Amino acid sequence: MYKPPLWRSPSAMLDDLAFALERNTTMAMRVSLWSTYQPYIEDHRLEWELVA
């Protein structure tokens with residue numbers, strides 16, 4: 001089953017990630033269904049938290 005990419009390029013994905021991190025907001029991603037994740041930095045690592 002083919003799923004189209006969510007972003008037009010890797011740089012567009014990184015722009016969305018940077019936007020979410022800078023503004024402490026969620027980032028929409030496809031996991032199995034559409035889910036919303038909150039990226040954040042902890043101990044110099046990128047972490048993702050599911051926001052219900």
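Among contacts in the chain (heavy atoms within 4.5 Å) between residues at least 6 apart in sequence, 12% join residues at least 24 apart. The model is predicted: local features need pLDDT of at least 70, side-chain atom pairs count only at pLDDT 80 or more, and totals for chains, interfaces and linings use all residues. Residues are numbered from 1 along each chain as its sequence is written, and side-chain values use heavy atoms, with hydrogens and water left out.

Helices (H or I, at least four residues) and strands (E, at least two) are DSSP runs, numbered from the N terminus. Their order along the sequence is α-β-β-β.

Of the 52 residues, 15% count as buried. Buried means under 20% relative accessible area, exposed over 50%, and partly exposed in between (1.4 Å probe, protein chains only). Trp7, Ala12, Leu17, Ala20 and Met27 make up the largest nonpolar core. Helix 1 (residues 10–23) gives the most to this core, with three residues. Such a core is a set of buried Ala, Val, Leu, Ile, Met, Phe, Trp, Tyr and Cys residues joined through side-chain atoms within 4.5 Å.

The accessible surface of the chain is about 4400 Å² (Shrake-Rupley method, 1.4 Å probe; for residues, only the protein chains shown count as cover). Carbon and sulfur atoms account for 56% of this surface. On the surface, Leu21, Ile41, Leu46 and Trp48 form a nonpolar patch, with about 350 Å² of accessible area together. Leu46 lies in strand 3 (residues 45–50). Leu46 is partly exposed, at 39% relative accessible area.

Notes:
Patches are made of residues with over 30% relative accessible area and no salt bridge: like charges are joined within 9 Å, nonpolar side chains (Val, Leu, Ile, Met, Phe, Trp, Tyr) within 5 Å. A salt bridge is a side-chain nitrogen of Lys or Arg within 4 Å of a carboxyl oxygen of Asp or Glu.
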